[in-house]
Amino acid sequence: MSLLHDIQSAVIGPVADLGSILLKVRLLAAKLGSQPLADWVNHESEGYPDDCPVPDYRVIPITYTANFSGPLGSGINNAPIPPVLVQRLAGEQWTRHSMRQSVAAVDQLLASLDKGEGTLGIDSSNLILLFQGKLYPQYTCLAVYGSVPASALAELRHSVKSRVLQLTIEFEKSIPEAISITIGNPVTTSTASSGAATQIAQQIIYGNVTSISASGEACVSIGIQAGDGSSVIQYLSAKGIPADDAKEFAAIVGSEKPESLDEPFGKKARTWLVENLKKAVAGTWNVGVAVATDVLKEAAIKYYGLK
C-alpha cells in the first residue's frame, strides 16, 4: 500500500491515532519536499511556538461567568458575561484562546474531561479589576471564570483529521508521484511537484495565503487587499462560508461605506448578517456563528482599509 493510501485508511478508520498519522504525514512531506507541510506537522505534533500564529481552527471562543456581591448581603453568582462586553472592556484577545498545545495534549485534555461535557478553565483573574463597577455598578466583582467547552477541543481535533484527509485527496489528484511513495522505497519528486505540494498544503491548512517566511517556517498570514472584492471572496470561502454567500457579502461591502472601525458594517451589510447568520446556526456553513461574525467583521475592516 502506498504511504498516501495508508494515511487515508488510518484517518477514516474506527480509531484514528492522530500522533501516528501525523508521523506518516511528516514522512510524506519529506518525500514530497514540502517544508511548510513538514513545519505544520511539527507544530501539530509538538505545539506551536509563541511567535508563530496558529491556524484559525485553533482559535477557540471563550465564555465567561462572574460572581458579584452587593449591598445587604445580596449577590449574583455565575452571571454570564456577553463576549461583546468582554471585548469592549478588556480587548478582543480575551474572547479568543489560541490553542498552542500539541494534538497529544489536546487528546489528554479531552480524556480528562467528563465524557466531553466538561470545560477547560482559562485564568481570568486579571479581568476582576477591569469589570469592577462596570457591569453591575452597585455590586463588587469577586471572581471571573473563563472556560473553553470540551466540544471546541473535539472540533479542533476533527479539523486536523479533516485537513490531513483533504491533503491526501488533493495530492492524489494533483501530484502523480505521490501515489508511488511507500515506506522504504526512495522516490524522487520534481521541483514542480514539491511546489504543488506546498501550494496545496498552504491552501488547505491556512486558506488564502498572502505570504510565507523565507525560512519556510509555516507561520503564514492570510490577507485581504483594501478595495479588492475578489480577495474578500477567497478569504471568506477559505473560512467556511459558501462561495455564493461570500460573493453576496463582497458585493454589499463594495456598495456602501462603513459606519466606523467599531462598526464596519453599513445598513445593507447588517441586514445581510441578520438573515445569513441563520445558515451558520442551521449548520449549512462550515463555521460557527461566533467565528463567522468575527470573520465577516475582519473581512469588512480589511476591505475598507480600517486596519
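Here is a quick tour of this chain, from its overall build to its aromatic rings. Keep in mind that the model is predicted. The chain runs to 307 residues, and 43% of them count as buried. It has 12 helices and eight strands.

**Overall build**
- Look at contacts in the chain with a separation of 6 or more: residues 24 or more positions apart account for 67% of them.

**Aromatic pairs: the tyrosines**
- The structure holds six aromatic pairs.
- One of them joins Tyr136 and Tyr139 edge-to-face, with 6.1 Å from centre to centre and 70° between the planes.
- Tyr136 is partly exposed, at 30% relative accessibility.
- Tyr139 is partly exposed too, with a relative accessible area of 23%.

**Aromatic pairs: Phe249 and Trp272**
- The ring centres of Phe249 and Trp272 sit 5.3 Å apart with the planes at 50°, so this pair counts as tilted.
- This pair ties together distant parts of the chain, since Phe249 belongs to helix α10 (residues 243–255) and Trp272 to helix α11 (residues 267–282), 23 residues apart.
- Phe249 counts as buried, at 0% relative accessibility.
- Trp272 is buried as well, with a relative accessible area of 6%.

**A ring cluster**
- Phe249 and Trp272 also belong to a cluster, in which ring pairs link them with Phe265 and Trp285.

Technical notes: Residues numbered from 1 in each chain as written. Predicted model: local features only at pLDDT ≥ 70, side-chain atom pairs only at ≥ 80, totals over all residues. Heavy atoms only, no water. Helix = DSSP H or I, 4+ residues; strand = E, 2+ residues; numbered from the N terminus. Buried < 20%, exposed > 50% of the residue type's maximum accessible area, 1.4 Å probe, protein only. Contact = heavy atoms within 4.5 Å. Phe/Tyr/Trp six-rings, centres within 6.5 Å; stacked < 30°, edge-to-face > 60°.
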